[in-house]
Amino acid sequence: MQVPKKRISYSLSRFSIAELTDPVFAARLLLACHLSSTAGGKASGSKRKRSIHVSGARQSLASAMHSVGIDEETSQQHAVGSDVGQEQHISSSPEGDRKIDIEKQIFCNRSLNMKNIVAVGFDMDYTLAQYMSETFESLTYKGTIEKLVSTMRYPEELRAWSFDCKYMIRGLVLDKKRGNILKMDRHKYVKVAYHGLREISKEDKIANYGNTLIRNSFDEPDYALIDTLFALPESYLFAQLVDLKDNNPEKVPHGADYSQMYRDVRAAVDMCHRDGTLKKMVTNDPRILWDFTKVVMNFLCCFQSPDGSSSCNYDWLDNFDVVITGSSKPRFFHEDNRASLFEVDTESGMLVNTDNGSPCPQIGDTAPRLPSKGLKKDCKVFQGGNVGHLHKLLQIESSSQVLYVGDHIYGDILQSKKVLGWRTMLVIPELANELKLLGNSRDSRKGLRLLRKERDVIENRIHNLQCSLSLKSTGIKAEDMLNVSPELRELESQREEKCLQHQQTQQQYHHRFHKVWGQLMKTGYQNSRFAHQVERFACLYTSQVANLLLYPPDKHYRPSDDFMPHEFDILTE
């Protein structure tokens with residue numbers, strides 16, 4: 001049974017520059033105005049839209065917010081506040097959407113009517129909280145190297161290595177056995193390949209990934225998917241280690257092969273998480289799970305005084321019906337996951353079994369404090385559990401009533417969509433910059449399309465001339481036709497020139513987006529593997545969660561038309 005609640009109307013309000021450039025202010029608006037907003041209901045009464053906050057296995061990294069900070073750029077925007085007297089929110093029509101900058105728009109793959117959504121869930125890392133990735137990822141990189149040197153006998157020179165935070169992108173695939181890093185299109189054809197930090201020749205690329213009797217699935221255990229921003233530092237470190245092994249194999253401990261080096265890197269990263277190495281690098285009070293959620297959400301929601309201090313409390317919990325820490329996604333999304341669900345006392349951090357078991361302290365807390373006033377019966381902070389527990393807590397009748405917002409294509413989006421049938425929204429922070437570059441590259445794209453058409457025209461003329469010569473001169477081999485026809489020889493020369501020009505222009509175009517891997521969502525003319533996954537599993541996608549503020553809470557999102565190749569030229573004229 002759903003609890004009815006009076007509907008709130010929203011208006012698009014403009015705040016002062018000082019307010020908009022304050023990330024805490026904008027974050028507070030996001031949580032206070034949107035997360036507890038309501039969707040329009042039937043005439044008999046509206047349903048309350050519930051808010052869920054789920055923190056997964058990556059929660060151990062969350063405390064970086066205080067030392068590393070939040071990306072302030074994501075908070076410099078218009079916000080939607082409540083205004084009962086007037087309704088000036090952006091309309092649900094396409095005309096209304098055009099008022100929103102393209103970098104802040106929400107894009108739709110599958111129709112989603114927010115009136116049908118009962119509960120909205122949010123991941124924290126890189127969804128509600130945007131990290132200053134360059135600083136944060138550098139800490140991960142340094143911590144991993146320290147473990148490799150101190151515990152796994154890798155050479156001391158690794159400590160002098162530096163991390164290029166702009167080298168890797170999401171959507172790549174790491175070949176553990178060969179030490180290669182690949183970018184492929186939606187059909188899983190490898191288009192760009194590097195061995196370590198060295199580009200692989202076209203011939204070697206085809207030999208390794210093109211001439212096989214059975215199509216490669218590019219899945220575990222031989223391959224690793226670089227699908228999260230957290231995976232970028234370890235992927236770059238692996239590429240550096242591949243170069244180290246190739247140039248100085250004696251420096252690699254125990255003669256480890258590429259696969260073993262990858263396992264070493266992963267083990268080092270896991271150690272950094274387990275023993276608090278990363279947490280110690282960003283805070284003086286390393287704790288885990290609920291404590292980190294509390295730190296980050298207080299940073300997002302609490303106002304700061306002019307001297308930079310803030311009064312942290314638990315008011316931010318008012319914006320959520322349920323908060324779950326230590327959920328261990330993606331296992332959380334499987335009901336056969338038998339993880340126990342614990343209530344969390346917000347003041348002491350004590351855990352209590354939901355079946356009235358005895359209190360137990362948080363892991364790593366050597367001096368737990370007992371709750372001074374006893375655990376509240378309406379406690380809405382939990383740790384562990386599985387999706388079955390969540391559905392019962394929220395009294396969800398159908399999985400399609402849940403919208404989950406996250407940044408991890410596998411841990412957040414694919415599993416919740418494929419296993420449960422939840423509606424999904426993917427946050428892609430890199431999308432904003434990609435859209436800006438796309439807007440500045442219209443002429444280049446037109447030039448590429450023109451070169452492609454010119455090449456096709458020349459190839460058609462070559463084909464027609466070859467057919468004509470074959471009919472007139474029976475017995476002439478194809479390789480001898482160039483000597484017979486000067487026109488054919490000239491056309492072949494033009495084709496080679498046009499193909500080279502097209503190849504160079506296309507490479508320059510993609511390098512505008514990234515010096516190594518090119519456009520995030522494209523590989524050549526095809527959608528990239530990452531874009532294909534976004535299209536398959538994300539109902540909605542956008543650059544940041546705060547973009548929800550720019551749309552009505554009851555909006556009906558609709559996708560654009562799909563076109564088959566035979567329809568495109570006809571229907572887009």
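Visitor: What percentage of the 573 residues is buried?

Guide: This is a predicted model, in which local features need pLDDT of at least 70 and side-chain atom pairs count only at pLDDT 80 or more, while totals for chains, interfaces and linings use all residues. Residues are numbered from 1 along each chain as its sequence is written, and side-chain values use heavy atoms, with hydrogens and water left out. Taking buried as under 20% relative accessible area, exposed as over 50% and partly exposed as in between (1.4 Å probe, protein chains only), the buried share of the 573 residues is 50%.

Visitor: Which residues does leucine 241 contact, leaving aside its neighbours within four places in sequence?

Guide: Contact here means heavy atoms within 4.5 Å. With those sequence neighbours set aside, the partners of leucine 241 are Leu148, Tyr154, Leu158, Trp161, Met261 and Val265.

Visitor: How many residues apart are glutamate 146 and arginine 159, whose side chains meet in a salt bridge?

Guide: A salt bridge is a side-chain nitrogen of Lys or Arg within 4 Å of a carboxyl oxygen of Asp or Glu, and for glutamate 146 and arginine 159 the N to O distance is 2.8 Å. Glutamate 146 is partly exposed at 34% relative accessible area, and arginine 159 is likewise partly exposed at 34%. The pair links distant parts of the chain, since glutamate 146 lies in helix α5 and arginine 159 in the loop between α5 and β7, their separation being 13 residues.

Visitor: Where do aspartate 270 and arginine 266 lie, and what is their separation in helical turns?

Guide: These two residues form a salt bridge, with the closest N and O atoms 2.9 Å apart. Aspartate 270 is partly exposed at 30%, and arginine 266 is partly exposed at 25%. Because they are four residues apart in helix α8, aspartate 270 and arginine 266 are separated by about one helical turn.

Technical notes:
Helices (H or I, at least four residues) and strands (E, at least two) are DSSP runs, numbered from the N terminus.
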